[in-house]
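Trainee: I would like to learn how to read a few local features in a model. Where do we begin?

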Amino acid sequence: MTTRAAGGAGKARLLFKFPGGKSALVSRLLELAGAPVQGRYVEPFVGGGAVLGGVLGLDGTSALASRGVAWDASPAVRQAWRAVKDEPEELAGAMVRLQERYAEAVEQGAGKSFFFSLRRQLGALLRDGWGRYTATTTAHLFLAYTRLTWNGVWRVNAAGEPNVAWNGAGRLTVPDGELVGRWSTALRDVEIPGEGSWRALVEGVGDGDLLYLDPPYAPLPGDPKPRKGLVQYTPEPWRPGDHAALLEAAAAAGRRGARVLVSAGGGSWTQARYEDAGFEVFLVGERRSVNRDGAGRGAVDCLIGRWRG
């Protein structure tokens, strides 16, 4: 069964943007998730945390869960969330200091040079391995970078180095300490593993848990209308075979008693595969704001699959 519905509007205030974020769909996803869960909330593709914030009640609604696991394939994203959770005051302070340095650079006509210096620092940190540094040391650079890139995009090349252009901003806006503190408090009982994989997290999901999967929108095998998009968030891109494996793993988690939601591109072939795997399919309008061609931005179909068994 396929149902078409409009996306909702409830949102938590976010700390950073991320390509493919689900801010506009949070209320619809929470509605489909149902009542609060007794177990954990597990999100292996957390990105900018729009849905995580809704589940934790940061959008002003009742929380669906207080315990959970949040992970992302990008070490930069993981490190950012670890800093928010464990070092909120240090992170907020480091962001303010970086904001002041950027303002000085802009005043001197060196905003672009500052940005590319920041990008080189992030590339060096990624090559060295982020585990050698405190969470704040790396996270404040990452958060500033995503606020100075074109449309807030985080993307890396095959060598794992960031490669998005400067947006020309005259001012670096940073999250205030109060907002960082609220997120830190909400994340108190949320585990943010430094290593791992989405497969391992999904395999650990069971009865009483709520699992939400929002992988990059790569085409599935055999899709007659494959999508092209920004899926290079890590040195190893998301491939069609990964999405097929994710669908199988999601269905297995549902059979173990978990509530499961998955979002994906809304092509007809995709819908058929999800329905055949045991998911009820809902189509919602999702705004695509990341596209080199302005005509390619706007509302597109997003599929939400809810496990029905």
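**Reading the features**

Mentor: Asn151 has 25% relative accessibility, so Asn151 counts as partly exposed; buried means under 20% relative accessible area, exposed over 50%, and partly exposed in between, with a 1.4 Å probe and protein chains only. This is a predicted model, in which local features need pLDDT of at least 70 and side-chain atom pairs count only at pLDDT 80 or more, while totals for chains, interfaces and linings use all residues. Residues are numbered from 1 along each chain as its sequence is written, and side-chain values use heavy atoms, with hydrogens and water left out.

Trainee: What is the phi of Asn151, and where is Asn151 found?

Mentor: Most residues other than glycine have a negative phi. Asn151 has a positive phi, near 55°, and is found in the loop between helix H6 (135-148) and H7. Helices (H or I, at least four residues) and strands (E, at least two) are DSSP runs, numbered from the N terminus.

Trainee: Which residues of helix H7 are buried?

Mentor: An α-helix has 3.6 residues a turn, so residues three or four places apart point the same way. In H7 (residues 177-186) the buried residues are Leu179, Val180, Trp183, Ser184 and Ala186. They line one face of the helix, because seen down the axis of H7 they fall within an arc of 165°, taken from the directions from the helix axis to the C-beta atoms. Their cover includes helix H2 (50-55), helix H3 (75-86), helix H4 (88-107) and strand E4 (190-191), where contact means heavy atoms within 4.5 Å.

Trainee: How many aromatic pairs are there?

Mentor: A pair of aromatic rings is described by the distance of the centres and the angle of the planes. Rings of Phe, Tyr and Trp (its six-membered ring) pair if their centres lie within 6.5 Å; planes under 30 degrees apart count as stacked, over 60 as edge-to-face and the rest as tilted. The count comes to 11 aromatic pairs. Phe115 and Phe116 have ring centres 5.2 Å apart and planes at 80°, so this pair is edge-to-face. Tyr145 and Trp154 also form an edge-to-face pair, 5.6 Å centre to centre with 90° between the planes.

Trainee: Are Phe115 and Tyr145 buried or exposed?

Mentor: Phe115 is buried, with a relative accessible area of 0%, whereas Phe116 is partly exposed at 25%. Tyr145 and Trp154 are both buried. One aromatic cluster includes Phe115, Phe116, Tyr145 and Trp154, and also Trp183, one of the buried residues of H7.
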